[in-house]
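Colleague: I would like to go through a few labels and ask what each one rests on. Please show me the structure first.

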Amino acid sequence: MAVAEVCRRSVCAQRGVEEGVLTASAGGVLAGDMRKSTIFATMSDKKKKQKFYVVWSGVQPGVYDSWSECRRQVVNYPGARYKSFETREAAESALAEGAWAHIGRQAHEQQPDWKHLPAEQQPVLPSLSVDAACSGTPGPTEYRGVLTHSGEQLFHVGPLTDGNNNIGEFLALVHGLALLQKQGFDSFPIYSDSRTARSWVRKRHADTKLQRTERNAQVFELIRRAEQWLQSHEWHNPILTWQTDQWGEIPADFGRK
């Protein structure tokens, strides 16, 4: 299937996590109704959104209208701190509030950004990226999948009570595989930054040490459905490793580090 055709096809989100993510019925892999939308649009059909760049620490701190201007302020500048925003108003407000209010003390200085790399060094596009987040172990867990090139969200599930990050990453990967197969995108790549999730999918089994309780019954039900789907389906979608050190955080990241 041609890339342009793949991009024109569409998916939609499920009605709610209460109905579950993966169904056990033959031929039906996702909860909720699947409706036509325009989420998979060709990259050439989408105009690149204007971004505004805040430089807190660089040659000349301020707000810049393009990456090329921002880059001149931060490349090879020791301890450079900067970030992009969707609007000039948000950028100017962030500049006044200071770097730590927006990038955190644990944020990497000069975060990699794959969109500014040569085409041959970028991730495979178009593709799907999945990720999960968990507050505590166990704790509230959620996961989602987005289009790598645009960040447009295709699905989001959670919070689920008393899960953990590995389980969330696993469910996200299976959800992505099931979604793409149901829509006929049999060769559409999926990126994950979780070695554990990729391993569990290869084994078709979630080798979790999490203890089952009444509180996390829903989590284990989703694991059961995910394993059942893996054991009853074959897939050809490449499952690729997201290179965080080269590309920055995966596009599906929840931004809570």
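Modeller: Pro-138 sits in the loop between strand E4 (128–134) and strand E5 (139–147). This is a predicted model.

Colleague: What makes the peptide bond from Thr-137 to Pro-138 cis?

Modeller: Its omega is near -5°. Another cis bond joins Gly-158 and Pro-159, with omega about 5°. Pro-159 belongs to strand E6 (residues 153–163). Most peptide bonds are trans.

Colleague: Why is Asp-162 called buried?

Modeller: Asp-162, also in strand E6, has a relative accessibility of 15%. Buried means under 20%, so Asp-162 counts as buried. Asp-162 also has a positive phi of about 55°, although it is not a glycine.

Colleague: Why is Arg-204 called partly exposed?

Modeller: The relative accessible area of Arg-204 is 23%. Buried is under 20% and exposed is over 50%; 23% falls in between, so Arg-204 is partly exposed. Arg-204 is in the loop between H5 and H6, and its phi is positive, near 60°.

Colleague: How do you know that Leu-230 is buried?

Modeller: Leu-230, in helix H6 (residues 217–232), has 0% relative accessibility. The cut-off is under 20%, so Leu-230 counts as buried. Beyond its neighbours within four places in sequence, Leu-230 is in contact with residues including Phe-170, Leu-177, Arg-204 and Trp-235.

Colleague: What does the side chain of Thr-208 reach?

Modeller: The side chain of Thr-208 reaches the backbone nitrogen of Leu-210 at 3.0 Å. The limit for a polar contact is 3.5 Å, so the distance of 3.0 Å is within it.

Key. Residues numbered from 1 in each chain as written. Predicted model: local features only at pLDDT ≥ 70, side-chain atom pairs only at ≥ 80, totals over all residues. Heavy atoms only, no water. Helix = DSSP H or I, 4+ residues; strand = E, 2+ residues; numbered from the N terminus. Buried < 20%, exposed > 50% of the residue type's maximum accessible area, 1.4 Å probe, protein only. Contact = heavy atoms within 4.5 Å. Polar contact = N/O pair within 3.5 Å; in protein donor to acceptor, adjacent residues only side chain to side chain.
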